[in-house]
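Please open the structure in your viewer and keep the selection tool at hand.

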Amino acid sequence: MNLKGYKVISGIIGCVTGLRIGGTSNTIEIGGLDNPVIKNPIDDWPYIPGSSFKGKMRSLLEWDLGVVSPNGDPHTCKDAKCVICRIFGNSEEVEKGPTRGIFRDAFLSERSKKDLQSMRETKGLVYAEIKYENRINRLKGKAEHPRPMERVPAGTEFSFEIDYRVFDINDNGNVDNQNFQWLLHGLWLLEQDALGSSGSRGYGQIKFGSYDKDNKFVPGRVLVDKHEEPIKDRYNEITGQTKRQ
């Protein structure tokens with residue numbers, strides 16, 4: 001087994017709607033918020049953990065490939081060529097080599113830092129918006145149990161990077177190169193779904209993109225080894241089978 005090299009996917013995650021990836025309260029304050037988003041403890045900037053990014057893409061690919069485990073646990077198997085196990089890792093003792101995908105934490109773009117800093121200075125919000133939610137009593141028709149939810153506001157942008165390792169396991173790296181297309185397909189799946197929590201309530205809609213020469217966000221494309229690659233449904237071209245109309 002030899003490491004042949006790395007492929008690098010990079011770009012921008014643009015928040016179409018508010019994004020919520022939960023953190024923890026480090027202090028207990030009267031009237032304090034108990035549903036904060038995750039932030040860097042050094043500077044309080046919100047970020048997207050690579051584990052959240054990876055976990056959501058893995059689950060979406062498992063559904064699209066039809067390999068979701070009956071008990072709901074992450075898929076794992078002994079197939080040495082398994083797309084899921086190779087990209088995301090598994091616990092089976094089969095010679096597949098290391099996990100291929102390395103999902104880096106995604107950090108705020110410089111532009112979004114300025115926007116959130118301005119929001120902090122003008123509105124007193126610590127780099128996130130506070131959204132109140134409640135439930136409606138069906139008989140009384142009244143809102144009950146209001147709860148504040150912190151989330152990163154729509155329009156915020158994060159720089160992301162995924163490194164992908166290609167190994168030669170007596171195949172000149174062909175299997176890993178083929179599986180890389182599934183990783184790109186996973187980006188499209190994420191756009192169709194939601195990142196973070198409360199996706200069914202409108203949170204977490206995202207768009208992938210990159211900056212043009214004028215530093216303007218352009219959705220629908222990312223960079224693979226610095227070359228543009230479109231975000232699209234790749235299922236048919238990878239498998240040769242029609243799944244969606």
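The model is predicted: local features need pLDDT of at least 70 and side-chain atom pairs count only at pLDDT 80 or more, while totals for chains, interfaces and linings use all residues. Residues are numbered from 1 along each chain as its sequence is written, and side-chain values use heavy atoms, with hydrogens and water left out.

Remain at Glu-62, which belongs to helix 1. Helices (H or I, at least four residues) and strands (E, at least two) are DSSP runs numbered from the N terminus. Is Glu-62 buried or exposed? Glu-62 counts as buried because its relative accessibility is 5%; the term buried means under 20% relative accessible area, exposed means over 50%, and partly exposed lies in between (1.4 Å probe, protein chains only). Beyond residues up to four places away in sequence, Glu-62 touches Val-67, Val-68, Asp-73, Pro-74, His-75 and Ile-84; such a contact means heavy atoms within 4.5 Å.

Next, select Thr-17, in the loop between strand 1 and helix 1. Thr-17 has a relative accessible area of 19% and is therefore buried. Which backbone nitrogens does the side chain of Thr-17 reach? One is that of Gly-204, at 3.2 Å, and another is that of Gln-205, at 2.9 Å. With neighbours within four places in sequence left aside, the residues in contact with Thr-17 are Val-152, Ala-154, Gly-202, Tyr-203, Gly-204 and Gln-205.

Now select Glu-150 in strand 5 (residues 143–151). Glu-150 has a relative accessible area of 6%, so it is buried. Display Lys-39 as well: the side chains of Glu-150 and Lys-39 make a polar contact at 3.1 Å.

The next stop is the largest nonpolar core, which has 45 residues. Such a core is a set of buried Ala, Val, Leu, Ile, Met, Phe, Trp, Tyr and Cys residues joined through side-chain atoms within 4.5 Å. Select Ile-9, Phe-53, Met-57, Leu-187 and Phe-208, the residues with the most contacts inside this core. Which helix gives the most to the core? Helix 4 does, with eight residues. Then centre the view on Ile-9, whose contacts, apart from neighbours within four places in sequence, include Phe-160, Phe-180, Leu-187 and Val-222. In soluble globular proteins, nonpolar side chains tend to be buried together.

To conclude, show the whole protein, whose secondary structure comes to five helices and ten strands. The C-alpha atoms fill a box of roughly 60 × 50 × 40 Å, taken along the principal axes. Of the 245 residues in the protein, 42% are buried. Among contacts between residues at least 6 apart in sequence, 64% join residues at least 24 apart.

Definitions and conventions: Polar contact = N/O pair within 3.5 Å; in protein donor to acceptor, adjacent residues only side chain to side chain.
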